[in-house]
Amino acid sequence: MADSEEKKVFSQNLRKYMDLKNVDRNKLASDLDVAYTTVQEWYMGTSYPRIDKISAIAKILGVSKSDLIEDENSVFNVGIPILGKIPAGSPLEAVQELYTVDHLKPPKGWKHNVNNYFALRVSGDSMLPEYDDGDIVVFQKNTASYSGKDCCVLIDNDDATFKRVTKNNNGILLEPLNIHNSSGFLPLQLTEEDCVSRSVQILGVAVYRFGKIQYK
């Protein structure tokens, strides 16, 4: 049985779309061939319909099932911020406020808090063939497990760069996947001292790619 929060969300969405579509409770009950009291319970949030009834209600109201069952104000549905740039000197949360250029709808089935993620559009060919110029890549923030993964890295008080990062005995190695990239970026070994002096920060690890292949 649905919990109280699911009933509340469904009730709110049902009221919203019934009002928008000018469908009252009597008409909905008639169209569904159910008792008025059944619709009233859904409307008031005291009961929750079966999945077949949700599908039928969605069809009558001309909306999707997710429109009826998902909380539109949930952090899972707000969208992942796509950043235009990541300059140094500010926490990533502050950067988001200033440099978010759009929001990306999370993949189907997404169950993570979007506040822990950000996205960037790939520029250039240094990460071919895995990532094409223009692809949008989603990064998970604040992860300690980054060695051997493709990361958004802030270095030298400049905009962030996107490279594969490997932790080794000498520090960390930043590598382009395309060694013949047009920017001329070659593998860069940074010692622990370099990481401090050059203000190196691992801002996030790539978890999804939106492009010619929908998700990585």
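Pro 176 sits in the loop between strand S7 (171-175) and strand S8 (188-190). Keep in mind that this is a predicted model. Pro 176 is a buried residue, with a relative accessible area of 8%.

**Around Pro 176**

- Leaving out residues up to four places away in sequence, Pro 176 touches Ser 126, Met 127, Lys 163, Asn 181, Phe 185, Leu 186 and Pro 187.
- Pro 176 and Asp 125 are 51 residues apart in sequence, yet their C-alpha atoms are 9.0 Å apart in space.

- As background, most residues other than glycine have a negative phi, and most peptide bonds are trans.
- The peptide bond from Leu 128 to Pro 129 is cis, and its omega is near 5 degrees.
- You'll find Pro 129 in the loop between strand S3 (117-121) and strand S4 (136-141).
- Asn 22 isn't a glycine, but its phi is positive, near 60 degrees.
- Asn 22 follows helix H1 and belongs to the loop between H1 and H2.
- With a relative accessible area of 70%, Asn 22 is exposed.
- Asp 33 also has a positive phi, of about 60 degrees, although Asp 33 is not a glycine.
- The place to look for Asp 33 is the loop between H2 and H3.
- Asp 33 counts as exposed, because its relative accessibility is 70% and the cut-off for exposed is over 50%.

**Helix H1 and what covers it**

- Helix H1 covers residues 4-21, which makes 18 residues.
- The buried residues of H1 are Lys 7, Val 9, Phe 10, Ser 11, Asn 13, Leu 14, Tyr 17 and Met 18.
- Those buried residues are covered by elements including H2, H3, helix H4 (51-61) and helix H5 (65-69).

**H1 against H4**

- A pair of packed helices is described by the angle between their axes and the distance between the axes.
- For H1 and H4, the angle is about 25 degrees and the axes are 10 Å apart.
- Angles under 35 degrees count as roughly parallel, so H1 and H4 are roughly parallel to each other.
- Their crossing, H1 with H4, is left-handed.
- On the H1 side, the contact uses Phe 10, Leu 14, Tyr 17, Met 18 and Lys 21, and these meet Ile 54, Ile 57 and Leu 61 in H4.
- Sorted by class, the contact of H1 with H4 has seven nonpolar residues, no polar ones and one charged one.

**H2 against H3**

- Helix H2 (residues 25-32) and helix H3 (residues 36-44) pack with their axes 9 Å apart, at an angle of about 120 degrees.
- That angle makes H2 and H3 oblique to each other.
- The H2 and H3 crossing is right-handed.
- H2 brings Arg 25, Asn 26, Leu 28, Ala 29 and Leu 32 to the contact, while H3 brings Tyr 36, Val 39, Gln 40, Trp 42 and Tyr 43.
- Here the contact residues of H2 with H3 split into seven nonpolar, two polar and one charged.

Conventions. Residues are numbered from 1 along each chain as its sequence is written. This is a predicted model: local features need pLDDT of at least 70, side-chain atom pairs count only at pLDDT 80 or more; totals for chains, interfaces and linings use all residues. Side-chain values use heavy atoms; hydrogens and water are left out. Axes are lines fitted to C-alpha atoms, for helices over the stretch in contact, and angles run from 0 to 180 degrees between N-to-C directions. Helices (H or I, at least four residues) and strands (E, at least two) are DSSP runs, numbered from the N terminus. Angles under 35 degrees count as roughly parallel, over 145 as roughly antiparallel, 65 to 115 as roughly perpendicular and the rest as oblique. A crossing is left-handed if the near helix is turned anticlockwise from the far one by less than a right angle, and right-handed if clockwise. Contact means heavy atoms within 4.5 Å. Ala, Val, Leu, Ile, Met, Phe, Trp, Tyr, Cys and Pro count as nonpolar, Asp, Glu, Lys and Arg as charged, and the others, Gly among them, as polar. The expected span of a helix is 1.5 Å times one less than its number of residues. Buried means under 20% relative accessible area, exposed over 50%, partly exposed in between (1.4 Å probe, protein chains only).
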